[in-house]
Amino acid sequence: MSRRGLGGVAAVLALLLVFPFFAGTYQTQLLMYGLTLAIAALGFNLLLGYTGLLSFGHSAFLGTGAYTVALMMRYLGVSSLELFILGGVVCSAALAALLGVVCVRHTRIFFAILTLALSQVLWTLAYKFFWITGGTDGLRVPFSQLTLLGGLVSFPGADAFAKFITYYYYYVLVVFCACTALMWLIVHSPFGKTLQAIRDNETRARFLGVRIWRYRWLAFVVSGIFTGLAGILWVPLNGLVTPDVLYWPQSGKIVFFAVLGGFRNFAGPIVGAVIFNYLEVYAVAVTQYWQITLGLVLIALVTFLPAGIVGSAVRLGGRLKKKGSEQFP
Amino acid sequence: MSLLRTEKLKKHFGETRAVDGVDFTVNEGEFLSLVGTNGAGKTTLVNLISAFLLPDSGRIFVGDRDITHASVDERIRSGIARSFQLVNLFDDLSVLDNVALSIFAREGKTKRIFALADRDAAVAQEASGLLEQFGIGGKAQAAARDLAQGERKLLDVAIAYALRPKLLFLDEPTSGVSTRDKAQIMDTVSSVVRGGGITAVVIEHDMDVVFKYSDRVVVMHEGRFLADGPPEEIRRNSDVAKYLLGTDV
């Protein structure tokens, strides 16, 4: 990464660190939602942006992470977030490994439809097995029963919400930073370059001796783990998990994150997830026709900024730099 | 000593006999040209040998090993690599990454997930060196899609060459480039391949190129071999003159 890039990352990180001090509880909570969804977007984009596979079923992993937390809390009496992360990641990885075997043998529309169909199977299971999952009522995950850092931090009492938001924000921020760094490493590794090669030219990659199926499968599993982790972190914040989290519009939202920010850019889906979260919250607050607002944004994006917000900003920056160097060589 | 041989290799597409019982031998160290009119079966033969297509019947051997049913990666491990008639690059990756990826694949390093690709000094050095050899070292950081056609052709060959094969198939390395670029490309390819001690089979239409660079020429016509020999012998062959050049000797 260039010095300017590192400087930008440091500035954003500094801003994120001080954010709760001047933004208040509600805004911190909103940003936290954005950061958890950004982890899902990072995972999703390993498939779309770097491997060239469009999944319409990532709600399956988000829901698996969330339901694992809720089920562990309800039936096993677990309260430690670290154990939730362990359990949720294992379940998401297992699900991704299983679904991946079926899905990654196909590409393009067939892959998209398969992921969509399989995620809908999970939604149906969550909906129908109501004696386990709570059906449409869902399962509660109250923050007051949550502990962080192996039980060192807990949130008992009715007035603990503000404390929960502050502590949980920094917890989510650390996990978000770790996930971002890890994903950056993955996409810049020989494995990540191989995924990009498969995306660009599958035939040529095959004739380098790359076993395409294995790489796509592994990318699918990693992507599922990241999205599952997002679901794990999201559910204590939401306080409740219902089958809605597994339903296809949730997958559509994750696709929206990537399109909004720009999926051919590492930071694009992160920015997209955070902005989408604000957009959705404020659109819902302003009008009952909030879906129309989001639809219009999507149409405008595809029409005028096909590279997404970050992608377009990078392009504009490149053009300005080129123009500047031509004027002042 | 033969490096590769086929026995009665056959591939039909419906009524079309693309490759029709061909016995083909490639000897170690030679620079061989495979020529013929369009539809003669040259590319199909290379596709069969490289596992791009499966034969209807017949066998393929590398040394004594039967690779008829071997997968693409098994064939690559047995020392066969190829470039493509239509340039096949990783367009969004840099020129350097295109070649580095080939080296990573050869070294079995593509599975490395927790290491930065750019920090592998040995691979970066080898990739840079190869690009210099192929005359496109100055474009190492450019995106592959931004290269000119002649440079794209060279990169296509460089990617295959970076696998360090024993036998390299080059499918029309000079197609779609100007006459001036043709000579430059063939000079570069020929010197790098011969310098690396690699056996090469080149599919080529331009007979001037074929006669200038080849040790041996094999002529195909309607899925069969019409002639096989050194360039001078092929030049004098009346069948070749009739079917390939459309003239009398």
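**Close-ups of a predicted model**

**View 1. Buried residues of helix H1(B).** Lys42(B), Thr43(B), Thr44(B), Leu45(B), Val46(B), Asn47(B), Leu48(B) and Ile49(B) are the buried residues of H1(B) (buried: 20 or more other C-beta atoms, placed from the backbone, within 10 Å of a residue's own). This helix spans residues 42-49 of chain B and is mostly covered, with 8 of 8 residues buried. The model is predicted: local features need pLDDT of at least 70 and side-chain atom pairs 80 or more, while totals for chains, interfaces and linings use all residues. Residues are numbered from 1 along each chain as its sequence is written, and chains are lettered from A in the order in which they are written.

**View 2. Where H3(A) and H9(A) cross.** Here's helix H3 (residues 81-103) of chain A with helix H9 (residues 212-238) of chain A: their axes come within 8 Å and cross at roughly 145° (lines fitted to C-alpha atoms over the stretch in contact; angles run from 0 to 180 degrees between N-to-C directions). Sort the contact by class and you get 16 nonpolar, 7 polar and no charged residues (charged: Asp, Glu, Lys and Arg; nonpolar: Ala, Val, Leu, Ile, Met, Phe, Trp, Tyr, Cys and Pro; polar: the others).

**View 3. The fold of chain A.** Chain A has 13 helices and 4 strands (DSSP runs: H or I, at least four residues; E, at least two). Its C-alpha atoms fill a box of roughly 65 × 45 × 40 Å along the principal axes. Of its 329 residues, 45% count as buried.

Technical notes
A residue is buried if 20 or more other C-beta atoms lie within 10 Å of its own, exposed if 12 or fewer, and partly exposed in between; C-beta atoms are placed from the backbone.
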